[in-house]
Amino acid sequence: MGAAAGLAAARSKYGRLIRDAHAAEDIESEVLIIGAGASGAAAAWRLSELGFDVVCLEQGDWLDYLEIPSIEDDWELIRQRSWNPNPNIRGLASDYPVEDSDSPIKPLMYNGVGGSTIMWSCHAPRFHPSDFRTNTLDGVGADWPLSYWDLEPYYDLNDRMSGVSGLNGDPANPERPPRPLAPLPIGKGAERIASALDDMGWHWWPNDVQVYSSAYGNETGDCNHCGPCELACPVRAKASTDVTYWPKALDNGVRLISKARVFELESDERGRVTGAAYYDRDGVVRRVSARVVIVAANGIGTPRLLQLSASKSHPDGLANRSGQVGRNLMLHPVALVTGVFDENLEGYRGITANCITSQEFYETIDGATFKRGYMIQFLRSLGPVLTALGGYGVPIPWGQGHHKRFLEVFNHTATAGIVCEDIADPNNRITLDSTLTDDNGIPAPRMTYTLSDNSKDMIAHGLKTCTEIMQAAGARETYSMELVEQGGFHLMGTARMGDDPETSVLNRWSQAHDADNLFVIDGSAFTTAAAVNPTNTLQALALRAADRIAETRGEI
Amino acid sequence: MTEAKPPRADDPLFLAALETLIPENTPFPSAAAGDLPDRVLEDVVTEAGEEVLQIFLTALPEGLAAQDTEAREVSLNSMQSKFPAEFAAVLRHVYNAYYAAPQVREVLEGVDGYPARPPNYAGYELDPFDDGSLAIQRQRAPFWRKA
């Protein structure tokens, strides 16, 4: 088969997945979900399985699988522009701007069916038991009102629903069921690093990845090791929720209305939420009334919406009697150490941001100047354009030595990402900007964030550690990036859970203290950030919240 | 300093700048070869704006094209320090256009083995994970912190 015919056949096989719906009038539902991303999709599926009538409003649209950049020659240019993970750079109609001048880490997200799972690299670790008890154990942050063990059955359920390639038996984590799919290949660079970590007596393990080493369910494919999972997967070998949860939820009768931008959650005089008002795809204001409302709009979008929804019964913003809505924004500050090796590591083969991790320094280290710890996530190399531009920190210099240096670096690097646990600080927050608005004239969120001394010390430790690892792996030179500016993918804490209504927004069931028919299930609900990717945990929380809604059906 | 004029891909000054930023290094072409100047020009104007390119072009010394390589690099280094933002913007688009160009990707495939095609749908081959590589890690007792 020729290249053109092959392309046509592949396009035909992995064609569009769009099942669009919109409402031409105001509607009612039993449960309304705002946001069709990681958590909204999981909750929609679970509730529909349990017999609920569910409507979901999503401001973005379905992804068109025929328009994915990694099938184009200029995919690395598209990645910098219309597929940039930063909505301020991408600037699509489905996006809203974020005023981020007061944050050294910029916000990353995707707005559409699937949410940021469209752009994620599918690393699906679990929080550790200690992450739920950081105040008790280490005197920092706050304890969650639930434990790892409360969440464990929902992690297992999410694994089964989403599909995970990996291996159980990791000594850094509690035992878990056999992974549904075999681990993905780790490649030459990670093999070198793994060997070095063995020699150093330090931990490593192949990642739990929601990318399919072999097809997992209808309309999915096998991972072809193409690399840029962050540009969506044209062969549907990764667990974006437009592939996993949404088809099943729609089959169960969930009504998903896309291009529907919610601007207010409405509440009655008793403080109960009655539904949402939104702009539909034609700019017409419409309403959905519901008995239960779930917000799943990410750690920036959710506090923005709650603050936009002030009313007589919620004068400081919906569910904000504690004043904590928007506060305690937690990110994962990330630093990088890159090793340059003599060997061509062929780092383009396999998922760019996913192969092995080390959790050797996950917990508080005796004598360290910082509390809690970090995960080291090893990365493969970048394509030629991003290599030249210095995507991992150092651009290739122009001039006479350009090609020589390019060839020394291109495909000859492996990179360690130091993913730091962020300790909640009430001054790191999301507020409404006084001037900036989105295309509908809705006030934009303002992100205020300062990197803590704890994080700075943790990064310094991580840079030293990872430089040692790279040298032990045989790197002939190393260079580093002390803070990844375009690294704010993990948005957490801005409507946090807790037992005390004076210091938290949600109870142990992700249910608002101030409005018992309002739930928040995205990363906003997190009490601590841990040092691992949050998607698996927020999906587990969403499934758990759905079960709680079912258990209390008729009571709320 | 030269006077501002509409940017053209065949402007000798522009070509000299491109040739200096990415010189020919067999088998790699220079950034001034073939249709690369057109690609750079389009990329800069579309993404950074014509004004940025104008500032860059206006700041180039008039005699750049006649200078030898070393002198050109001195000139561009001087310009880079005087107009860092504009220089960085143009350089970004030179790299973008150059390394996305099919003729450069074909050379790269010949030199490095990196296929001159997009990642999908073909993807790449990788050896399966070797479970035996975990032998040392499997000997370690669980060390996650109890809570």
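I count two residues as in contact if their C-beta atoms, placed from the backbone, lie within 7 Å. I am working with a predicted model here.

**Entry: where the chains meet**
I looked up the contacts between the two chains and found 57 residues of chain A touching 41 residues of chain B. Next I asked which elements of chain A supply at least two residues each to that side. My list reads α1 (3-13), α3 (75-80), α7 (187-200), β4 (205-206), α10 (384-389) and α11 (402-409). Sorted by class, this side of chain A has 31 nonpolar, 17 polar and 9 charged residues.

**Entry: the sheet in chain A**
I then followed β4 of chain A into an open sheet of 6 strands, with antiparallel pairing and the order β4-β10-β11-β12-β9-β15. I noted β4 and β15 (477-481) as the edge strands, since each pairs on one side only. Between β10 (residues 356-358) and β11 (residues 374-379) of chain A I found 2 bridges. Thr357(A) stands opposite Gln377(A) in β11(A). I also looked for a helix on this sheet: α12 (residues 453-472) of chain A packs there, touching β9 (334-340), β11, β12 (413-420) and β15. The direction of α12 makes about 155 degrees with that of β12(A).

**Entry: two helices in chain B**
How do α1 (residues 12-21) and α4 (residues 69-82) of chain B cross? I found that their axes come within 10 Å and cross at roughly 95 degrees, so α1(B) is roughly perpendicular to α4(B). Ala16(B), Ala17(B) and Thr20(B) make the contact from α1(B), and Arg72(B), Glu73(B) and Leu76(B) from α4(B). I sorted these by class as 3 nonpolar, 1 polar and 2 charged residues.

Notes: Residues are numbered from 1 along each chain as its sequence is written. Chains are lettered from A and ligands numbered from 1 in the order in which they are written. This is a predicted model: local features need pLDDT of at least 70, side-chain atom pairs count only at pLDDT 80 or more; totals for chains, interfaces and linings use all residues. Axes are lines fitted to C-alpha atoms, for helices over the stretch in contact, and angles run from 0 to 180 degrees between N-to-C directions. Helices (H or I, at least four residues) and strands (E, at least two) are DSSP runs, numbered from the N terminus. Angles under 35 degrees count as roughly parallel, over 145 as roughly antiparallel, 65 to 115 as roughly perpendicular and the rest as oblique. Ala, Val, Leu, Ile, Met, Phe, Trp, Tyr, Cys and Pro count as nonpolar, Asp, Glu, Lys and Arg as charged, and the others, Gly among them, as polar. Two strands pair if DSSP finds at least two bridges between them.
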